[in-house]
Amino acid sequence: MTDTPQTTPPHIAALIVAAGRGRRAGGGLPKQYRRLGGGAVLGHAARLFSARADVASLVVVIHPDDAALAKEALPAGTRLAMGGESRAASVAAGLAALPDAATHVLIHDAARPLTPAAVIGGVIEALHSGAEGAAPALPVSDALWRGAGGSVTAAVPRGGLSRAQTPQGFALPAIRAAHAKAPAEAADDVEVALAAGIKVVITEGHENNFKLTYPADFARAEGMLTPKEERPMDIRTGNGFDVHRFGPGDHVTLCGVQIPLGRGLQGHSDADVAMHTVTDAIYGALAMGDIGQHFPPSDPQWRGAASEIFLRHAVDLARSEGFTITHMDCTVICEFPKVGPHAGPMRAEMARIMGLDVSRVSVKATTSERLGFTGRGEGIAAMATVTLVAS
Ligand SMILES: Nc1ccn([C@@H]2O[C@H](COP(=O)(O)OP(=O)(O)OP(=O)(O)O)[C@@H](O)[C@H]2O)c(=O)n1
Ligand SMILES: C[C@](O)(CO)[C@H](O)COP(=O)(O)O
C-alpha cells in the first residue's frame with residue numbers, strides 16, 4: 001500500500017469591502033446601499049459569490065454606521081466585519097474575520113455589482129492552477145496624458161498598462177502577511193501583494209465590471225440590468241418661474257444673449273432671468289431642488305457668475321440621472337426690451353448649452369398689458385417648461 005500525501009481541499013472565501021462612504025457618487029445613501037434593478041447594490045455584489053458552488057464562504061465588511069442598511073441589503077446570517085478608515089484597513093478587518101477553513105480569498109469591491117461570472121471564474125481558475133495572486137484587468141484603449149492647469153504636459157506611453165478590476169484573488173496566508181505590513185494608502189490588494197513580493201497573474205476583465213464611482217455610473221448600471229423594452233416609460237415635465245428687478249445698467253442678458261437697454265437686471269449672478277427659469281424647470285422635472293439650493297445666493301463665488309454654469313449643472317444632472325432633455329419652452333414677460341428680434345439667437349444659445357437641436361427649443365415673449373410689476377416696467381419675469389425622457 002502506498003502513502004498518498006494529505007492535501008487540504010481549497011476553500012475559496014469571498015470578501016466584499018463595503019465600508020466606504022461613496023463621496024464621489026453622492027446621492028444621499030452610501031452607494032453600496034442605493035437601489036439598482038430592484039435591489040441594493042451590495043445585495044447584487046453578495047449574490048455574485050453566494051450563488052457560486054466554487055465559493056465556500058462570504059464575509060462583508062461594512063461601516064459601523066451602516067448596520068441597519070446592511071441587514072436590509074444582505075441575507076440573514078451573512079458574516080459581517082467592521083471596516084476602517086481606508087480600503088486597505090477594511091480589507092485587513094475582513095481577512096481577520098474569514099472562517100478558519102479558508103485557504104484562498106477573493107477580495108471584491110461592493111461597488112462592482114455587475115461582475116460577469118466568467119471574470120470571477122477566471123480568477124478562481126488561476127488560483128486553482130497554483131497562482132499565489134490573480135486579478136482581472138483590461139487593456140488601456142485610450143491614449144494617456146499627463147496634465148497640469150488644464151493643459152496636456154506630456155503623453156504617457158500606455159504599453160503594458162492595465163485597468164485594474166476586482167475580485168482580486170490570493171492564497172490566504174500570503175495576502176494576510178502582506179496586509180500586516182501594507183501601506184495604508186494602497187489603492188488595491190494587488191498593490192499590497194506586490195509590495196510583499198507576491199506574483200499576481202492578470203486574468204481577463206470585462207467592461208461590465210466597472211466600479212460605481214460617479215453619479216452617471218448608476219444610470220449605466222440600471223440600463224444594463226433592465227432591458228430598454230422592460231423599463232417603465234418615465235417622462236417628466238418641470239416648470240420654472242423667476243423674476244428679476246430692473247436697476248442701473250446698459251443691457252439685459254436673456255437666454256445668454258446681451259440685449260442693449262437703458263437699464264440692467266439686478267441679481268447676484270448675471271441675472272439672466274430666462275436661463276434661471278429653464279434651469280429651475282430641469283431641477284423641477286428631476287425633483288431635485290432649485291437653483292438657490294444648488295447655487296446659494298449667499299455664496300460669494302456666484303457673484304456676477306454667467307448663468308450658463310447653472311444651466312450646464314442642471315443639464316449634466318439630468319444626464320447623470322439617466323434622462324434626455326427632449327424639449328424646452330420659455331416665455332419672457334416684459335414691456336421692454338422687445339424680445340422677438342432676439343429670439344433666434346436666444347434659441348440657438350440655449351440649444352448649444354443644452355445639447356439640443358434648435359427645433360426643440362422655444363423662446364417667446366409677451367407683455368402683461370401694462371398690468372402688474374412687469375406692466376409698470378419694474379422688472380422681467382420668465383416661465384418655462386422642460387420635458388425629460390428616461391434614456
Ligand atoms: N474605508 C473604506 C473605503 C472603501 N471601501 C470600499 O472599497 C470599495 C472601492 O472603493 P471606492 O469606490 O473608492 O469607494 P468609496 O471609498 O466608498 O468612494 P469615495 O472615494 O467616492 O468616497 C468600495 O466598495 C468601498 O465601499 C471600504 O470598504 N472601506
Ligand atoms: C480596488 C480598485 O477598485 C481596483 O481598480 C480601485 O483601486 C479602487 O480605487 P479608488 O481610488 O478607491 O476608487
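Visitor: Where does A287 lie?
Guide: A287 lies in the loop between α8, residues 273–286, and α9, residues 291–294. Keep in mind that this is a predicted model.

Visitor: And is A287 buried or exposed?
Guide: A287 counts as exposed, because its relative accessibility is 66% and the cut-off for exposed is over 50%.

Visitor: What about its backbone, what is the phi of A287?
Guide: A287 has a phi of about 55°, a positive value, although A287 is not a glycine. Most residues other than glycine have a negative phi.

Visitor: Which loop holds C255, and what is its phi?
Guide: C255 also has a positive phi, near 50°, and is not a glycine. C255 sits in the loop between β14 (251–254) and β15 (257–260).

Visitor: Is C255 buried or exposed?
Guide: C255 counts as buried, because its relative accessibility is 0%.

Visitor: Let's switch to peptide bonds. Which residue is joined to P167 by a cis bond?
Guide: That residue is T166, and omega of the bond is about 10°. P167 is in the loop between β10 (162–164) and β11.

Visitor: On to the ligands. Which residues are around ligand 2?
Guide: They are R24, R87, D109, R112, A164, T166, A187, D188 and K211. T166 is the residue at the cis bond to P167.

Visitor: How many of the residues around ligand 2 are charged?
Guide: Six are charged, two are nonpolar and one is polar.

Visitor: What are the polar contacts of ligand 2?
Guide: Among them, a polar side-chain atom of D109 lies 2.5 Å from an oxygen atom of ligand 2. An N or O atom in the side chain of K211 is 2.6 Å from an oxygen atom of the ligand. A164 uses a polar backbone atom instead, 2.8 Å from an oxygen atom of ligand 2.

Visitor: How much of ligand 2 does the protein cover?
Guide: On its own, ligand 2 has 360 Å² of accessible area, and the protein covers 70% of that.

Visitor: Now ligand 1. Which residues come nearest?
Guide: G22, R23, K31, S90 and K211 come nearest, out of 19 residues around ligand 1. K211 is also one of the residues around ligand 2.

Visitor: What classes do the residues around ligand 1 fall into?
Guide: Eight are charged, six are polar and five are nonpolar.

Visitor: Which backbone atoms does ligand 1 meet?
Guide: A backbone N or O atom of R23 is 2.7 Å from an oxygen atom of ligand 1. Polar backbone atoms of V17 and G20 are each 2.9 Å from an oxygen atom of ligand 1.

Visitor: And how much of ligand 1 is buried?
Guide: The protein buries 87% of the 560 Å² that ligand 1 exposes when taken alone.

Visitor: Why would residues a few places apart point the same way?
Guide: An α-helix has 3.6 residues a turn, so residues three or four places apart do so.

Visitor: Last one. What does F241 touch?
Guide: F241, in strand β13 (residues 235–247), is in contact with T277, A381, A382 and M383, leaving aside neighbours within four places in sequence. F241 and T277 are 36 residues apart along the chain, yet their C-alpha atoms are separated by 5.2 Å. In the protein, residues 24 or more positions apart account for 70% of the contacts with a separation of 6 or more.

Methods:
Residues are numbered from 1 along each chain as its sequence is written. Chains are lettered from A and ligands numbered from 1 in the order in which they are written. This is a predicted model: local features need pLDDT of at least 70, side-chain atom pairs count only at pLDDT 80 or more; totals for chains, interfaces and linings use all residues. Side-chain values use heavy atoms; hydrogens and water are left out. A residue is near a molecule or strand if one of its heavy atoms lies within 4 Å of it. A polar contact is a pair of N or O atoms within 3.5 Å; within protein, one must be able to donate a hydrogen and the other to accept it, and residues adjacent in sequence count only if both atoms are side-chain atoms. Accessible areas come from the Shrake-Rupley method with a 1.4 Å probe; for residues, only the protein chains shown count as cover. Ala, Val, Leu, Ile, Met, Phe, Trp, Tyr, Cys and Pro count as nonpolar, Asp, Glu, Lys and Arg as charged, and the others, Gly among them, as polar. Contact means heavy atoms within 4.5 Å. Helices (H or I, at least four residues) and strands (E, at least two) are DSSP runs, numbered from the N terminus. Buried means under 20% relative accessible area, exposed over 50%, partly exposed in between (1.4 Å probe, protein chains only).
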